[in-house]
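Please look over the structure shown here before reading the briefing that follows.

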Amino acid sequence: MTETMQKATDRPPEDGLSSEFVEFFRQFTGFIQALWHSSGRGRFILLTAAIITVIVATSGMQVVLNAWNKPFYDAIEQKNVRLFLFYLMEFGAIAGVLLVLNVAQTWLDQTIKLLSRKWLTRDLIDQWLAPRRLVTLQEAGEIGVNPDQRVHEDARHLAELSAGLGIGLFQSSLLLVSFIGVLWFLSSGIVLSLNGTSLVIPGYMVWCALIFAATGSWVSWRVGRPLINIGVERYAREADMRFALVQVSENADGIVLNAGEQDEKTRLNEELERVLAVTTRLIGSVTRLTWVTSGYGWLGIVAPIVIAAPGYFGGQLSFGQLMMVVGAFNQVQNSLRWFVDNFSAIADWRATLSRVMTFREALVDLEKPPAGGGARIDYHFGSDGHLSFDKVRIHASGADIQLDAAHVEASVGDRLEVVDSTGTGRGPFFSALAGLWPWGSGRVELPPRAKAMFLPERPYVPDGLLRSAITYPNASTNFSDDELVKALERVGLTRLSASLDRRSRWARELSYDDEERLTFARLLLLKPEWIFCEQSIDQFEEGQRAILRSILDGELAKSAFVTVSGRQSTGEFYNRTVHLVADPAIDAEGKPEVTT
């Protein structure tokens, strides 16, 4: 299964830039599709149209502002106070309109970032919490590590970077189109003199701007390209450390009681060293890129003046025209150097896009069969309270396992024990009992899900009101306070009766024993006809086992109890025991046996 789930990152080998472009194009189109198919598509289109309108208006006003340069600086050159004051007032009007447009653009920009994050995060949550995927993702290898980080932090970062870079790119492109014509026209009168020979180059300033920007962009790409892979690794290491910190926080009692602080300190320091190592590489790459971007920026201050100087000193340009040419050149240059100025952000965006979209692709790929396990189990949900397995084989962790009996059947009231003799099949088989593990073959007939309840090895008590935690996943409104209190008293949790309406993070507040007992109270309230448990009844602590036995022999005496465990029960509770064994048709090396 692990090999198959790596498909999101292990694509067919291709060479060089072609492979990178194909992967980028696939991930980018997947990102756009995720936003396009979100519930907020109409609002997204409206906001996009609004910000395009604002950017177009801003670009138009910047063209007007650039044209204002000529008469203003000519008035300064002529020392004409009246015109100087007039154009100052005109500047105030232009600046006022630009201020309103800039404020509107900022609001739209932030709103688009917020809503993009909302829609992207919801899409990832929908994909993550689709039926079966929480279970199968655990077998997905590295791509299934720290999914919370990808859904929360990476999705936020991707949404914000995408909106910011997308808006910036559009604005720069529009400014380029707006000013390149202005610059072409203004530079048409510039005459270059070389050894007494006059030379006129059409669009002289435009070509200089293009060459200057192309050179800076190419050098930036060459120097900054490693930032993409370093960024991917950095986010992975940061997520690992965050997970380790949360794990220490949530297991504080066990660590302290076992005097494990030093071990945990060593482990956290190792995680920190991994983060620092990749961050050090990132710093080196950013520093090298800064040589290019900062140097390019300083050159950009004098470049337009130097390039336009022949026209000014040759008398073809007035001082006002020179400043207008410089302003137009800077606008064109700023548009063309967008790639240079934003390369670090682009590399960060590319790394984040890769993390989010490979995760999303992996979630979709979970529905595809694993390598060597293309067949699917034939599931049927019956209505007569019946459980049966016919020639069932399960593919998990690269191996095939099966029951030691070709046909196994259980009915309401039975006590069936499934003992995993392989060491790897308990989890997948327990998932198969819920119809959540399709990889394998054979036929499984299951009771209706509404009549079944599952007890995983680690009990789950959700945060929120205690009454909701007791009746999870059913609505607490279906039960009276008297029923809830009696259930708590029955399992020895009378002290919690007064806390039904208290909201808390119960998994942190309650002990493991309390969580198990709360699960038993849930059994009493929901009264399932089928109970599936991920451990033998012998594996419960003595007090828990006594309560569970009394419930199964009393209130739920007619319910079936099916367990999947790693070792066989020593008591007489179960009326049938079957074993999970390795497929006898596969030898120790994973090759079919040869029979003669």
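What percentage of the 596 residues of the chain count as buried? In this predicted model, 45% of the 596 residues are buried, a term that stands for under 20% relative accessible area, with exposed for over 50% and partly exposed for what lies in between (1.4 Å probe, protein chains only). Local features need pLDDT of at least 70 and side-chain atom pairs pLDDT 80 or more, whereas totals for chains, interfaces and linings use all residues. Residues are numbered from 1 along each chain as its sequence is written, and side-chain values use heavy atoms, without hydrogens and water.

**Helix H13**
- The chain has 19 helices and 14 strands, taken as DSSP runs (helices H or I, at least four residues; strands E, at least two) and numbered from the N terminus.
- Helix H13 (residues 343–365) is mostly covered, with 19 of its 23 residues buried.

**Aromatic pairs**
- The whole structure holds 15 aromatic pairs, counted where ring centres of Phe, Tyr and Trp (its six-membered ring) lie within 6.5 Å, with planes under 30 degrees apart called stacked, over 60 edge-to-face and the rest tilted.
- Phe-389 and Phe-429 form a tilted pair, because their planes meet at 35 degrees, with the ring centres 5.5 Å apart.
- This pair links distant parts of the chain, joining Phe-389 in strand S4 (residues 386–396) to Phe-429 in helix H14 (residues 426–432), 40 residues apart.
- Phe-389 is buried at 3% relative accessibility, and Phe-429 is buried at 1%.
- Tyr-460 and Tyr-472 pair edge-to-face, at 5.4 Å centre to centre and 70 degrees between the planes.
- Tyr-460 is partly exposed at 46% relative accessibility, as is Tyr-472 at 36%.
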